[in-house]
Amino acid sequence: MYQQMIFVNLAVNDLDVAKKFFTELGYSINQQFTDETGSAVEISDTIVLMLLTKEKYAGFTHKTIVDPTTSSEVLLCLSAESREKVDELVERAIAAGGTEHGEKQDHGFMYGRAFDDLDGHTFEVAWVDPSTIQG
């Protein structure tokens with residue numbers, strides 16, 4: 001059965017530093033889709049983060065590339081299997097040089113935190129109690 005994927009492309013200041021950051025979070029680099037201008041970070045079987053040099057990224061758009069430390073380009077949200085996994089990923093991001101973004105959000109049935117990576121891209125991490133999801 002076909003499973004749709006998402007490839008999130010992000011412009012980064014230093015590709016090697018960005019790759020190191022995401023591997024420190026526990027993600028792997030797909031060497032088949034990695035060179036000196038870009039790198040595929042496998043978040044899951046269906047989510048791939050494409051870290052691209054600004055020059056490479058510019059080849060895909062005619063728009064201005066924003067500075068994610070001063071402008072919001074996108075908010076990315078990753079699911080987590082538990083509250084503890086939310087905390088674990090955010091703490092790993094902070095230990096790898098990222099910064100916490102905003103305050104913890106605890107709504108009982110939903111819990112989340114967020115971090116900015118080394119380039120300023122914001123990643124939310126959220127857990128939702130599966131018993132509260134209607135399907």
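A residue counts as buried when its relative accessible area is under 20%. By that cut-off Asn30 is buried, because its relative accessibility is 18%. The model described here is predicted.

**Nonpolar cores**

- The largest nonpolar core is made of 27 residues. Phe22, Leu49 and Phe115 have the most contacts inside this core.
- Two or more residues of this core come from each of these elements: strand 1 (6-12), helix 1 (15-24), strand 4 (47-53), strand 5, helix 3, strand 8 and strand 9.
- A second core is separate and has 6 residues, including Ala40, Val48, Met50 and Leu52.
- Beyond residues up to four places away in sequence, Phe22 touches Tyr27, Val41, Leu49, Leu51, Asp117 and Phe123.

**Helix 1**

- The buried residues of helix 1 are Leu15, Ala18, Lys19, Phe21 and Phe22.
- These residues lie on the same side of helix 1, because they cover an arc of only 160 degrees around the axis.
- Asp16 and Lys20 sit on the other side of helix 1 and are exposed.
- An α-helix has 3.6 residues a turn, so residues three or four places apart point the same way.

**Phe123 in strand 9**

- Phe123 is part of strand 9. Phe123 counts as buried because its relative accessible area is 3%, and the cut-off is under 20%.
- Apart from neighbours within four places in sequence, Phe123 is in contact with Leu10, Phe22, Leu49, Leu76, Leu78, Arg113, Ala114, Phe115 and Asp117.
- Asp67 is 56 residues from Phe123 along the chain, and the C-alpha atoms of the two are separated by 15 Å.

- Ser39 belongs to strand 3 (residues 38-42). Its relative accessible area is 0%, so Ser39 is buried.
- With residues up to four places away in sequence not counted, Ser39 touches Leu15, Lys19, Ile29, Phe33, Thr34, Leu49, Met50 and Leu51. Leu15 and Lys19 are among these contacts, and both are buried residues of helix 1.
- Thr53 is in strand 4. Thr53 is buried as well, because its relative accessible area is 15%.
- Thr53 touches Val12, Leu15, Glu36 and Thr37, again not counting residues up to four places away in sequence.

- Asn30, the buried residue of the opening sentences, is found in strand 2 (residues 28-30).
- Leaving out neighbours within four places in sequence, Asn30 is in contact with Ala40 and Glu42. Ala40 is also one of the residues of the second core.
- Glu84 lies in helix 3. Glu84 counts as exposed because its relative accessibility is 56%, and exposed means over 50%.
- Glu84 and Tyr111 are 27 residues apart along the chain, with their C-alpha atoms separated by 9.8 Å.

**Pockets**

- The largest pocket holds about 200 Å³ of space.
- Its lining has 15 residues, and Gln105, Gly112, Arg113, Ala114 and Glu124 lie nearest the centre.
- Strand 8 gives the most, with 5 residues.
- The lining of the largest pocket divides into 7 nonpolar, 5 polar and 3 charged residues.
- The second largest pocket has a volume of about 160 Å³.
- Tyr27, Ser79, Ala80, Glu81, Lys85, Glu88, Leu89 and Arg92 line the second largest pocket.
- Helix 3 (residues 83-95) gives the most to the lining of the second largest pocket, with 4 residues.
- In the lining of the second largest pocket, 3 residues are nonpolar, 1 is polar and 4 are charged.

Key: Residues numbered from 1 in each chain as written. Predicted model: local features only at pLDDT ≥ 70, side-chain atom pairs only at ≥ 80, totals over all residues. Heavy atoms only, no water. 1 Å grid on protein atoms, 1.4 Å probe; cavity = no way out; pocket = protein on both sides within 12 Å on 5 of 7 lines; lining within 4 Å. Points joined across faces, edges and corners; volume = space filled by probe spheres on them. Nonpolar A, V, L, I, M, F, W, Y, C, P; charged D, E, K, R; others polar. Buried < 20%, exposed > 50% of the residue type's maximum accessible area, 1.4 Å probe, protein only. Contact = heavy atoms within 4.5 Å. Core = buried A, V, L, I, M, F, W, Y, C linked by side-chain atoms within 4.5 Å. Arc of directions from axis to C-beta.
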